[in-house]
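User: I'm new to reading protein models. Could you walk me through this one with some questions and answers?

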Amino acid sequence: MQVNDAYSPRTPIEGVMHAFTRVGRRLKAKQPGDTIDHSAHIVLFALRCNGALRLSDLAARLELDASTTSRHVRSLEQLGLVRRSPDPDDGRAFRVELTEQGVEQWEAGARHRMELLSAAMEGWSEQDVQTFERLMTRFADGVAALTEAPTSAAWADKGWAAVAPRLHKSAPAERPDDLDEATDDGDSAARANTDKNLESTR
């Protein structure tokens, strides 16, 4: 269903939902220069954060069924973005991992979307950007606390913490130093573990 951007929300909550709908559909849509769609981008993100995975493990992280995940993998394999390799723990199974081209494709897509967000906030003061980030994070935490998610879903936050530094030169704004220091200790072990997995994709 197409959303009418001229719609005027009747309440602040409606306004928030409408804004998310407008932003979400644009970020999920193919952007100029994109060669893959949003669903494929998510598959690349999962492999970028987790390293090589069995198909069943990849499906679990994506919260998709095995047949849908298999179709995504075949498509990305044909594009040269992922490859299959023998599972060292089970000779009858295989693992899916990113190729170097797959890593580059994901990082290019992520940078492009960060540039889009940065351009959308052009003219904002640094304080406005920091306030927006703080409120968005608070809002996301509130939604997460009220919705159930499988324990395996935690990989996305931890994985992003590891891969985001590689994209910083395109980031719209730096986090305040005090926020970095407050979160660094708790995430350092997760970053180290995820970075180890990331190295297996190179």
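This is a predicted model: local features need pLDDT of at least 70, side-chain atom pairs count only at pLDDT 80 or more; totals for chains, interfaces and linings use all residues.

User: What share of the residues counts as buried?
Analyst: A residue is called buried when its relative accessible area is under 20%. The chain has 202 residues, and the share that counts as buried is 30%.

User: What share of the chain's contacts with a separation of 6 or more is between residues 24 or more positions apart?
Analyst: Contact here means heavy atoms within 4.5 Å. Take the contacts with a separation of 6 or more, then pick those between residues 24 or more positions apart; their share is 61%.

User: Is helix 2 roughly parallel or roughly perpendicular to helix 5?
Analyst: Helix 2 covers residues 38–50 and helix 5 covers residues 100–120; their axes come within 10 Å and cross at roughly 115 degrees. Angles from 65 to 115 count as roughly perpendicular. So helix 2 and helix 5 are roughly perpendicular.

User: Which residues of helix 2 meet helix 5?
Analyst: On the helix 5 side, the partners are Gly102, Val103, Gln105, Trp106, Glu107, Gly109 and Ala110. By class, this contact has 5 nonpolar, 4 polar and 2 charged residues. From helix 2, the ones taking part are His41, Leu44, Phe45 and Arg48.

User: Is Arg48 buried or exposed?
Analyst: Arg48 sits in helix 2. Its relative accessibility is 0%, and the cut-off for buried is under 20%. So Arg48 is buried.

User: Is the crossing of helix 2 and helix 3 left-handed or right-handed?
Analyst: Helix 2 and helix 3 pack at about 110 degrees, with axes 10 Å apart. That makes them roughly perpendicular. As for handedness, the crossing of helix 2 and helix 5 is left-handed, whereas that of helix 2 and helix 3 is right-handed.

User: And which residues of helix 3 meet helix 2?
Analyst: Helix 2 brings Ile42, Val43, Ala46, Leu47 and Asn50 to this contact. By class, the contact has 6 nonpolar, 1 polar and 1 charged residues. From helix 3, the residues are Leu58, Arg61 and Leu62.

User: Is Glu63 buried or exposed?
Analyst: Glu63 lies in the loop between helix 3 and helix 4, and its phi is near 55 degrees, a positive value in a residue other than glycine. Its relative accessible area is 53%, and over 50% counts as exposed. So Glu63 is exposed.

User: What distance separates the C-alpha atoms of Asp34 and His112?
Analyst: Asp34 is in the loop between helix 1 and helix 2. Beyond its neighbours within four places in sequence, Asp34 is in contact with Ala29 and Arg113. Asp34 and His112 are 78 residues apart along the chain, and their C-alpha atoms are separated by 9.1 Å.

User: Which residues does Asp87 touch, not counting those up to four places away in sequence?
Analyst: Asp87 belongs to strand 2, residues 82–87. At 6% relative accessibility, Asp87 counts as buried. Its partners are Arg54, Ala93, Phe94 and Arg95.

Technical notes. Residues are numbered from 1 along each chain as its sequence is written. Side-chain values use heavy atoms; hydrogens and water are left out. Axes are lines fitted to C-alpha atoms, for helices over the stretch in contact, and angles run from 0 to 180 degrees between N-to-C directions. Helices (H or I, at least four residues) and strands (E, at least two) are DSSP runs, numbered from the N terminus. Angles under 35 degrees count as roughly parallel, over 145 as roughly antiparallel, 65 to 115 as roughly perpendicular and the rest as oblique. A crossing is left-handed if the near helix is turned anticlockwise from the far one by less than a right angle, and right-handed if clockwise. Ala, Val, Leu, Ile, Met, Phe, Trp, Tyr, Cys and Pro count as nonpolar, Asp, Glu, Lys and Arg as charged, and the others, Gly among them, as polar. Buried means under 20% relative accessible area, exposed over 50%, partly exposed in between (1.4 Å probe, protein chains only).
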